[in-house]
Structures are given as C-alpha cells and as structure tokens.
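Hello,

Here is the structure we discussed handing over. The notes on what was found in it follow below.

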Amino acid sequence: MVRQHREDGYLMISELMRGRGLDRSPEAVKVHARKHMGLKLPKYPTGGLKPCIQCGRFAARPSTQAGRAGFCPSCWDKRKTEAYAEGTEELRAKRAYDNERKLRKTIKRKLR
Ligand SMILES: [Zn+2]
C-alpha cells in the first residue's frame with residue numbers, strides 16, 4: 001500500500017493508513033518505507049497525480065498499474081471485481097449452453 005501511494009508523500013500516507021484503521025505517524029511511515037522497502041518517500045504529494053477517470057474524486061498514480069489505466073486504487077479494484085464477475089458469468093452461461101447441447105444429443109440418440 002505504501003508503494004502504491006508513494007507519490008502521495010508520507011504525510012498523506014499516514015492519514016490514509018489511519019483511514020484504514022492503522023495508526024501510523026508520518027515519521028513511522030517514512031522510516032518504515034526507507035528501512036524495509038528501500039523507498040525514499042517525499043514529505044508532500046508530488047506532481048503527476050491526475051483525477052481518477054471513473055470517480056474524479058481520488059487520484060490516479062502513474063507509478064501504479066491502476067494509475068496508468070487512469071484509475072484510483074478503489075475504482076481499479078471495483079473494475080477488477082466487475083471483470084471477475086463477468087468472467088464467472090460467462091463461464092456459467094457457457095456451461096449451461098454446453099449442458100443444453102449435450103442434453104439435446106442424448107435425447108436425439110434415445111429417440112432413434
Ligand atoms: Zn476512482
């Protein structure tokens with residue numbers, strides 16, 4: 001999460017973590033990133049953050065896959081959820097179709 005939000009700077013990452021129920025001071029975020037992730041976080045948000053193309057509310061971060069697609073992390077996860085659900089639905093429909101065809105063949109065979 002720190003990596004994903006690195007352009008936000010450690011002040012904002014600290015707030016974000018509080019929002020997720022993890023109380024971390026800005027200093028703790030900065031030290032942790034440097035020691036354990038080898039990241040030198042800026043204090044303030046850097047440039048290059050654009051509004052999310054989906055919600056317009058949160059930022060799209062160019063260092064992330066979500067950001068390169070133009071999405072904020074939340075909208076990207078929602079989009080992935082939709083894609084996953086669509087895949088599941090397509091599989092369900094395909095199986096139903098295959099079963100129906102199989103059934104038809106079985107009926108034809110029995111009628112002969
Ligand atoms: Zn968004």
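**Q4 and the segment before helix 1**

Setting aside residues up to four places away in sequence, Q4 is in contact with R61, T64 and P73. Please keep in mind that this is a predicted model. Q4 sits in the segment before helix 1. S63 is 59 residues away from Q4 in sequence, but the C-alpha to C-alpha distance between Q4 and S63 is 7.3 Å. Is Q4 buried, exposed or partly exposed? Q4 counts as partly exposed because it has 17 C-beta neighbours inside 10 Å, and a buried residue would need 20 or more.

**Domains**

The protein is split into domain 1, residues 1-47, and domain 2, residues 49-112. Between the C-alpha centres of domain 1 and domain 2 there are 32 Å. How many residues of each domain are in contact with the other? On the domain 1 side there are 5, and they are in contact with 5 residues of domain 2. By class, the side of domain 1 that touches domain 2 consists of 2 charged, 2 polar and 1 nonpolar residues.

**Helix 1 against helix 2**

Helix 1 covers residues 9-19, and its axis lies 8 Å from that of helix 2, at a packing angle of about 110 degrees. Helix 1 is therefore roughly perpendicular to helix 2, since angles of 65 to 115 degrees are put in that class. From helix 1, the residues Y10, L11, I13, S14 and M17 take part in the contact, and they meet P26, V29 and K30 of helix 2. Sorted by class, the residues of this contact between helix 1 and helix 2 are 6 nonpolar, 1 polar and 1 charged.

A33 is a residue of helix 2, which runs over residues 26-37. Apart from residues up to four places away in sequence, A33 touches V2, L39 and L41. R6 is 27 residues from A33 in sequence, and their C-alpha atoms are 9.2 Å apart. A33 counts as partly exposed because it has 18 C-beta neighbours inside 10 Å.

R34 is also placed in helix 2. Its contacts, leaving aside neighbours within four places in sequence, are L39 and K40. With 13 other C-beta atoms within 10 Å, R34 is partly exposed; the exposed class requires 12 or fewer. The C-alpha atoms of R34 and R104 are separated by 64 Å, and these two residues are 70 residues apart along the chain.

L39 is found in the loop between helix 2 and strand 1, the latter being residues 50-51. Which residues does L39 contact, leaving aside its neighbours within four places in sequence? They are R3, R6, A33 and R34. L39 has 14 other C-beta atoms within 10 Å, so L39 is partly exposed. From L39 to C55 the separation is 16 residues in sequence and 29 Å in space, C-alpha to C-alpha.

**Nonpolar core**

The largest nonpolar core is made up of 7 residues, namely C52, A60, A66, F71, C72, C75 and W76.

Regards

How values were computed:
Residues are numbered from 1 along each chain as its sequence is written. This is a predicted model: local features need pLDDT of at least 70, side-chain atom pairs count only at pLDDT 80 or more; totals for chains, interfaces and linings use all residues. Domain bounds come from an automatic or database domain assignment. Two residues are in contact if their C-beta atoms, placed from the backbone, lie within 7 Å. Ala, Val, Leu, Ile, Met, Phe, Trp, Tyr, Cys and Pro count as nonpolar, Asp, Glu, Lys and Arg as charged, and the others, Gly among them, as polar. A nonpolar core is a set of buried Ala, Val, Leu, Ile, Met, Phe, Trp, Tyr and Cys residues joined through C-beta atoms within 7 Å. Helices (H or I, at least four residues) and strands (E, at least two) are DSSP runs, numbered from the N terminus. Axes are lines fitted to C-alpha atoms, for helices over the stretch in contact, and angles run from 0 to 180 degrees between N-to-C directions. Angles under 35 degrees count as roughly parallel, over 145 as roughly antiparallel, 65 to 115 as roughly perpendicular and the rest as oblique.
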